[in-house]
Amino acid sequence: MHAFTRIGRRLKAKQPGDTIDHSAHVVLFALRCNGALRLSDLAARVELDASTASRHVRSLEQLGLVRRSPDPDDGRAFRVELTEQGIEQWETSARRRIELLSAAMEGWSEEDVQTFERLMTRFADGVAALTDAPASAAWADKGWAAVAPRLQQPAPAERSTDTDSAADGDPAGSANHDNNLESTR
């Protein structure tokens with residue numbers, strides 16, 4: 001438990017070069033994985049109450065990382081979506097965290113890395129199965145599979161427009177994730 005707390009605290013802390021805090025990073029990640037969402041849907045996905053999610057959205061809007069747009073299904077409502085700057089900010093921050101984790105595994109054999117991944121995934125699945133995580137939280141697991149390959153690509157200015165498939169092996173899910181991700185570009 002102590003090891004998880006140490007890792008979590010360090011990953012949630014601002015890293016050198018970060019301009020947003022961890023909670024904002026989570027909101028950007030939810031939008032990156034899901035595309036435009038109503039505020040209530042965004043709040044549910046990041047497991048926050050609507051007023052807290054609204055404060056995050058206002059703050060991110062002021063930074064130019066998200067924008068509100070009319071909901072095509074309900075003229076009274078709005079959707080929140082990433083701006084190009086928001087996509088770039090999230091990807092830059094995520095790359096830094098991946099670099100940190102990769103550096104922490106410096107010197108590990110490929111077999112060690114694969115074993116660690118397999119056991120951590122198994123452990124995370126076990127914890128998730130025993131807790132009351134809302135069904136809407138599953139986006140994070142599948143969403144990361146779709147987003148992670150994009151982080152291995154060149155920086156946004158050098159990025160091609162080719163689409164990648166999700167790593168979860170589900171062709172229908174892969175297409176849905178790619179459509180959601182493409183809608184934020």
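A nonpolar core is a set of buried Ala, Val, Leu, Ile, Met, Phe, Trp, Tyr and Cys residues joined through side-chain atoms within 4.5 Å, where buried means under 20% relative accessible area with a 1.4 Å probe and protein chains only. The model shown is predicted, so that local features need pLDDT of at least 70 and side-chain atom pairs count only at pLDDT 80 or more, while totals for chains, interfaces and linings use all residues. Residues are numbered from 1 along each chain as its sequence is written, and side-chain values use heavy atoms, with hydrogens and water left out.

**View 1. The protein chain as a whole.** Its secondary structure comes to eight helices and three strands, taken as DSSP runs (helices H or I of at least four residues, strands E of at least two) numbered from the N terminus. Along the sequence the elements follow the pattern α-α-β-α-α-β-β-α-α-α-α, and 35% of the 185 residues count as buried.

**View 2. The largest nonpolar core.** This core has 23 residues, and those with the most contacts inside it include Leu28, Leu42 and Val66. Two or more residues come from each of α2 (22-34), α3 (39-45), α4 (50-62), β3 (74-82) and α5 (84-104), and the largest share, seven residues, is given by α2.

**View 3. The surroundings of Val66.** Leaving aside residues up to four places away in sequence, Val66 touches Leu28, Leu31, Val57, Leu60, Glu61, Val80, Glu81, Leu82 and Thr83, a contact being heavy atoms within 4.5 Å.

**View 4. Glu47 in its loop.** Glu47 lies in the loop between α3 and α4, and its phi is near 55°, a positive value in a residue other than glycine. Most residues other than glycine have a negative phi.

Terms used. Buried < 20%, exposed > 50% of the residue type's maximum accessible area, 1.4 Å probe, protein only.
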